[in-house]
Amino acid sequence: MTGEQLFLQQLLNGLTIGAVYALIALGYTMVYGIIQLVNFAHGEIFMIGAYFGLSLFACFAAQAGAAISIGVLALGLIVAAAGSALLGFCIDRSAYRPLRKAPKLSALITAIGVSFVLQNTVMLIYGAQDRYVPSLAAAGSMDWMGVHWTAMQGLIFAVSLFLMIGLQWVVYRTPLGRSMRAVAQDPLAAQLMGISVDRVIAITFLIGSGLAGVGGVLFGVYYSTINFHDGYLTGLKAFTAAVLGGIGNIPGAMVGGLLLGLLEGLGAGYLSSQWKNVIAFGVLVLVLLIRPRGLLGERVGDRA
Amino acid sequence: MKKQRRDWMPWTFLILAVLPFFPFNSYQIDVMANAALYALLALGLNVIVGFAGLLHLGYAAFFAIGAYACAFLNLNLGYPFWICLPVSAAVAGAAAVLLGLPVIRVRGDYLAIVTLGFGEIVRIVVTNLEPWTGGPNGLMGIGHPMIGRFNFGVDSRPYYWLLTALLALTAWICSRLRRSRIGLAWAAMKEDELAAGCLGMDTTRLKLMALGVGGAVAGMAGSVFAAKQGTVTPDSFDFIVSVMILSMVILGGLGSVRGAIVGAVILSITPELLREFAVYRMLIFGLLMIVLMRVRPQGLFGASSLKRVLHAR
């Protein structure tokens, strides 16, 4: 493999995982934009999304380890999105909503507690070992420009692009999106204008968690394993992506996710994969130092 | 009133010091020594989070730095434990200040995440710097402390006394510190950073001081930990350790010295009592955090507002 090919291959691999980061980062950024809460449990929702997919695939796979068809995968994505969305909604309703007026610290600690509860519930149900996720049947791959492209990578790009465009449309072109932006700007004023703030927050959790669930299934099928620990690290990276793009900013989360994936892919290719995780955290620290509002953010990031 | 509030300390530590003379088995003594270790860590974090109001999620990193500094000094340079102890405390304190320098500008949630990031970076670096830290296998054969010809050995009892002594010292310093000029400045800064700055307080310096004190306490705890175990491995300093210590501080009540100790004792002994429910341990722990924040956000001995601190004077 020539140098150029290695570069392009790592670029592609990085962008693929970056697309998944972007899907998760959207949930972080939307929730933070509206209620200024770092939803620590968001990474777990992503992980549980993968397990929702896994459970569904298990119903359809003829025998353990058999590949799944594209139809089953699509069904898995929908089920995971719905399940995760519902879960996110319930978490907001039961854990965060009572603390809306409490100090930020209480909500953050609660979020960490929720994250522990979700992680350990999954561990008790599915076990602590890595679970095998069936791969896509008849998934072709091709070599183009000296780079190995798999169908799964294409699918990840297609699905995440579709969802991001869809979200962009909802947020900037519909009445619902307008009320979401209004609540993010000034909840009190929004309430006075007749917007039900609690309803908008609930919908934000529904959408953000649904996107994370889709990301979870894509992640699981792409790497073919899932573990109850995966949510924590991936969630942190997605949060990094959200900060990188400018937290509270939806296009920022998309750009940040892709960029972080890219950096990680190149870092893993050229440095060593052991240091891969340091890259994400290093980026996080650097961004907060040099440009705390992120790449596309317009607000200064010290409201707390 | 003034007398009553301060009287708890000598008596408590006297009782704690004579506890090992009661017929406890060695496992129970070991649990007690661990509780004392966690109490020490909780006191240190309490300075950062409780006194100065800096939400730190990477405190285990300083604990790790202390433990590795002690192991390194002992194994490579042959220093005895009693020299390693203050040196590792100084190293961890300095590391806390150095790592604090760049992130001190960011606040609140952001600070929590950056410190979390730094905590993870420290752990990954320690895992990957094989020549110095032994990589994932860690360092082994760290010498136990000696007093004259008496070797602390593997029995937990002498460590328990050592930790209790350090705990008493730290608790005393913390309660003095809280009522000092610096402590009051921290309290003011925690309530309203902008106002404190406008009144001429050097908030950057105050924050770095809190980090330095907290880091040094963690370094001290880390070196006792290393000497007690005889080995250090990176997985003793997971994110979960940082969260555990933070939960102890919050359970006890942010800013309360008593609270941090009581919180640490409760949270380090409960899992031992729940041994038979081992798999549910973290689940119960998470639920506890959620419920606690709901019913008593200020913790057991919550003295979080400036008014309470001033009244304690």
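Visitor: Which residues is Ala25(A) in contact with, leaving aside its neighbours within four places in sequence?
Guide: Ala25(A) is in contact with Ala238(A), Ala241(A), Ala242(A), Ala253(A), Gly256(A) and Gly257(A). Contact here means that C-beta atoms, placed from the backbone, lie within 7 Å. Before we go on: this is a predicted model, where local features need pLDDT of at least 70, side-chain atom pairs count only at pLDDT 80 or more, and totals for chains, interfaces and linings use all residues. Residues are numbered from 1 along each chain as its sequence is written, while chains are lettered from A and ligands numbered from 1 in the order in which they are written.

Visitor: Where does Ala25(A) lie?
Guide: In helix H1 of chain A. Helices (H or I, at least four residues) and strands (E, at least two) are DSSP runs, numbered from the N terminus.

Visitor: And is Ala25(A) buried or exposed?
Guide: Ala25(A) counts as buried because it has 36 C-beta neighbours inside 10 Å. The cut-offs are 20 or more other C-beta atoms within 10 Å for buried, 12 or fewer for exposed, and partly exposed in between.

Visitor: What about H1(A) itself, what span should it have?
Guide: At 1.5 Å a residue, its 33 residues (3–35) should span 48 Å, and the end C-alpha atoms are 46 Å apart, which agrees. The expected span is 1.5 Å times one less than the number of residues.

Visitor: What comes just after H1(A)?
Guide: Gln36(A), which takes a positive phi of about 50 degrees. Gln36(A) sits in the loop between H1 and helix H2 (42–60) of chain A, and with 16 other C-beta atoms within 10 Å it is partly exposed.

Visitor: Switching to the two chains: how many residues of chain A are in contact with chain B?
Guide: 35 residues of chain A, in contact with 30 residues of chain B. On the chain A side, helix H4 (104–126) and helix H11 (276–290) are the elements that give two or more residues. H4(A) gives the most, with 14 residues.

Visitor: How do the residues on that side of chain A divide?
Guide: Into 24 nonpolar, nine polar and two charged. Ala, Val, Leu, Ile, Met, Phe, Trp, Tyr, Cys and Pro count as nonpolar, Asp, Glu, Lys and Arg as charged, and the others, Gly among them, as polar.

Visitor: You mentioned H11(A). Which of its residues are buried?
Guide: Asn277(A), Ala280(A), Phe281(A), Val283(A), Leu284(A), Val285(A), Val287(A) and Leu288(A). What covers them includes helix H9 (230–245) and helix H10 (250–270) of chain A, together with helix H4 (81–103) and helix H5 (108–128) of chain B.

Visitor: New topic. At what angle do H5(A) and H6(A) pack?
Guide: About 75 degrees, with their axes 5 Å apart; H5(A) is residues 151–173 and H6(A) is residues 175–185. Axes are lines fitted to C-alpha atoms, for helices over the stretch in contact, and angles run from 0 to 180 degrees between N-to-C directions. That makes the two helices roughly perpendicular, the term for 65 to 115 degrees.

Visitor: Last one: which residues have the most contacts inside the largest nonpolar core?
Guide: Leu40(B) and Ala42(B), in a core of 204 residues. A nonpolar core is a set of buried Ala, Val, Leu, Ile, Met, Phe, Trp, Tyr and Cys residues joined through C-beta atoms within 7 Å. Helix H2 (residues 26–51) of chain B supplies the largest share of this core, 16 residues.

Definitions and conventions
Angles under 35 degrees count as roughly parallel, over 145 as roughly antiparallel, 65 to 115 as roughly perpendicular and the rest as oblique.
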